[in-house]
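Biologist: Please take a close look at one part of this model for me. I would like to hear about a helix and its charged side chains.

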Amino acid sequence: GVAQRASRVGRRAEKTFAGGIAGSKLHGWGEYQFDPLGLAEKFPENLAWFREAELKHGRVAMLAYVGLIVPDAIRLPIEPLTDSSLDFINAHNKLIGPGLGEGPMWWLMCAVGAIESVRFKQLGLAFEKLTTENAGDLGLRGFAPSSAEGMESMKMKELKNGRLAMLAVGGALTQGVAFGANHFPFIPQ
């Protein structure tokens with residue numbers, strides 16, 4: 001019971017949490033080691049893949065939230081996108097056809113496929129080149145800080161903003177569907 005739990009906590013304190021990947025420091029607020037399912041201990045060989053997936057989902061969620069808000073203010077002057085009845089509930093069905101390979105959703109799939117192809121080239125199709133050091137690193141250094149502390153801070157900011165965006169997108173979509181509030185600010189009528 002309690003003795004076993006204390007022993008596990010002591011062993012965890014001796015080891016580096018989650019293989020030392022960024023994400024447990026609060027930058028000014030201490031450190032937390034949140035892994036209630038114990039995935040870092042059970043599957044240490046998959047930590048790099050977990051981090052790659054978390055960063056990718058966080059980045060997609062950040063873009064998705066922008067995509068939920070911007071079309072209510074600005075529409076691209078492309079015929080299917082100018083439809084004022086277009087919202088996040090009916091967008092997929094309205095933008096995918098009528099035939100195979102037609103419509104803006106197919107253009108989006110081709111763009112995402114090209115980006116993913118570059119990433120597969122970097123990491124290998126079986127992710128054999130993926131490590132905890134290069135997980136999520138696309139090699140874009142245009143705005144990256146030059147110091148190690150600055151880089152760690154940026155990694156933390158990206159993780160936190162991505163985690164928040166995943167929750168925000170899920171909340172906005174759920175509220176929109178549940179209450180029929182399909183446009184920003186997603187307030188029920």
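Modeller: K56 is partly exposed, at 28% relative accessible area. This is a predicted model, so read each value as computed from it. The side chain of K56 meets that of E116 in a salt bridge, 2.9 Å from N to O. This pair ties together distant parts of the chain: K56 sits in helix α3 and E116 in helix α5, 60 residues apart. E116 is partly exposed too, with a relative accessible area of 23%.

Now take E52. Its salt-bridge partner is R119, and the closest N and O atoms are 2.8 Å apart. Again distant parts of the chain are linked: E52 belongs to helix α3, R119 to helix α5 (residues 104–123), and 67 residues separate them. Here the burial is clear. The cut-off for buried is under 20% relative accessible area. E52 has 5%, so E52 counts as buried. R119 also has 5%, so R119 counts as buried.

Next comes a pair inside the helix. E54 and R51 form a salt bridge, at 3.2 Å from N to O. Both residues lie in helix α3 (residues 47–69). They are 3 residues apart, about one turn of the helix. R51 has 9% relative accessibility and is buried. E54, at 22%, is partly exposed.

Now the helix itself. α3 has 23 residues. From its first C-alpha to its last it reaches 33 Å, close to the 33 Å expected at 1.5 Å a residue. Its buried residues are L47, A48, R51, E52, L55, G58, A61 and L68. What do the buried residues of α3 pack against? They pack against α2 (39–42), α5 and α6 (148–179).

Key: Residues are numbered from 1 along each chain as its sequence is written. This is a predicted model: local features need pLDDT of at least 70, side-chain atom pairs count only at pLDDT 80 or more; totals for chains, interfaces and linings use all residues. Side-chain values use heavy atoms; hydrogens and water are left out. A salt bridge is a side-chain nitrogen of Lys or Arg within 4 Å of a carboxyl oxygen of Asp or Glu. Helices (H or I, at least four residues) and strands (E, at least two) are DSSP runs, numbered from the N terminus. Buried means under 20% relative accessible area, exposed over 50%, partly exposed in between (1.4 Å probe, protein chains only). The expected span of a helix is 1.5 Å times one less than its number of residues. Contact means heavy atoms within 4.5 Å.
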